[in-house]
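Good morning, and thank you for coming.

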Amino acid sequence: MNAAKRREIFERLKAANPKPTTELEYDTPFQLLIAVLLSAQATDRSVNIATRKFFPTHGTPQGMVELGEAGLTECIKTIGLFRSKAKNAIATSRIILEQHQGEVPRTREALEALPGVGRKTANVVLNTAFGELAMAVDTHIFRVSNRTGLAPGKNVLEVELKLMKFVPREFLLDAHHWLILHGRYICVARKPKCPQCGISDLCEFKSKTPA
């Protein structure tokens, strides 16, 4: 895919949704970090339902430590991998208190050192909470990037690095949200909604769903 096509894709995505954002509910960088940590192999909707139970009363690192692993486990037992997520979230809260003065660290290295926080989660926090140019590649973005020809790659890191290189800089801050929403609602896994897609004429996918 050439540069002109890529630019046009993001021009259209921006026109359709000028101010995209995450569907996770949060008020602070710490709450976003915890929500993203909980969202692995779970829907944003299921995470929001769970976090509404404890964010209002325990939505700080100190509050999470006070809630404890057992208390958090009870709040999030409706989402996948809840036991390991509860353990990691409490451990992360404790480290933020003890090593980062209660503030979410602002470097990828420090974020990835937290229990349960990988590169994708770190990139979401850097981009969404701190406004940095970072690209968190999940299954939706991986699929859209490969299917459209926007930034094909064999693994998530390859796709991430290509997107960071190929997406025009003025679109980089919001590109993560545009692509994830496009993959979640239009360019879905089993039967992409090509007739409803605003960039289908730019997409290089050969097996488009007919109207």
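Let me begin with a term: a residue is called buried under 20% relative accessible area, exposed over 50%, and partly exposed in between, computed with a 1.4 Å probe on protein chains only. By that scale R7 is partly exposed, because its relative accessible area is 34%.

A word on the source. This is a predicted model, in which local features need pLDDT of at least 70 and side-chain atom pairs count only at pLDDT 80 or more, while totals for chains, interfaces and linings use all residues. Residues are numbered from 1 along each chain as its sequence is written, and side-chain values use heavy atoms, with hydrogens and water left out.

I turn to the charged pairs. A salt bridge here is a side-chain nitrogen of Lys or Arg within 4 Å of a carboxyl oxygen of Asp or Glu. The count under this rule is 10 salt bridges. One of them joins E170 to R7, at 2.4 Å from N to O. This pair links distant parts of the chain, with E170 in helix α11 (residues 169–185) and R7 in helix α1 (residues 3–16), 163 residues apart. Helices are DSSP runs of H or I, at least four residues long, numbered from the N terminus.

Another salt bridge connects E23 and R184, whose closest N and O atoms are 2.5 Å apart. E23 lies in the loop between α1 and α2 (29–38) and R184 in helix α11, so this contact ties together parts that are 161 residues apart in sequence. E23 is partly exposed at 32%, and R184 is partly exposed at 22%.

Within helix α1, E8 and R12 lie four residues apart, about one turn of the helix. Their side chains form a salt bridge at 2.9 Å, N to O. A network of salt bridges links E8, R12 and D201.

Now to the rings. Rings of Phe, Tyr and Trp (its six-membered ring) pair if their centres lie within 6.5 Å; planes under 30 degrees apart are stacked, over 60 edge-to-face, and the rest tilted. The whole structure holds four aromatic pairs. In one of these, F10 and W178 have ring centres 6.4 Å apart and planes at 50 degrees, so the pair is tilted. F10 belongs to helix α1 and W178 to helix α11, so parts 168 residues apart in sequence are tied together. F10 is buried at 0% relative accessibility, and W178 is buried at 4%. Ring pairs join F10, F171 and W178 into a cluster.

Technical notes: Helix = DSSP H or I, 4+ residues; strand = E, 2+ residues; numbered from the N terminus.
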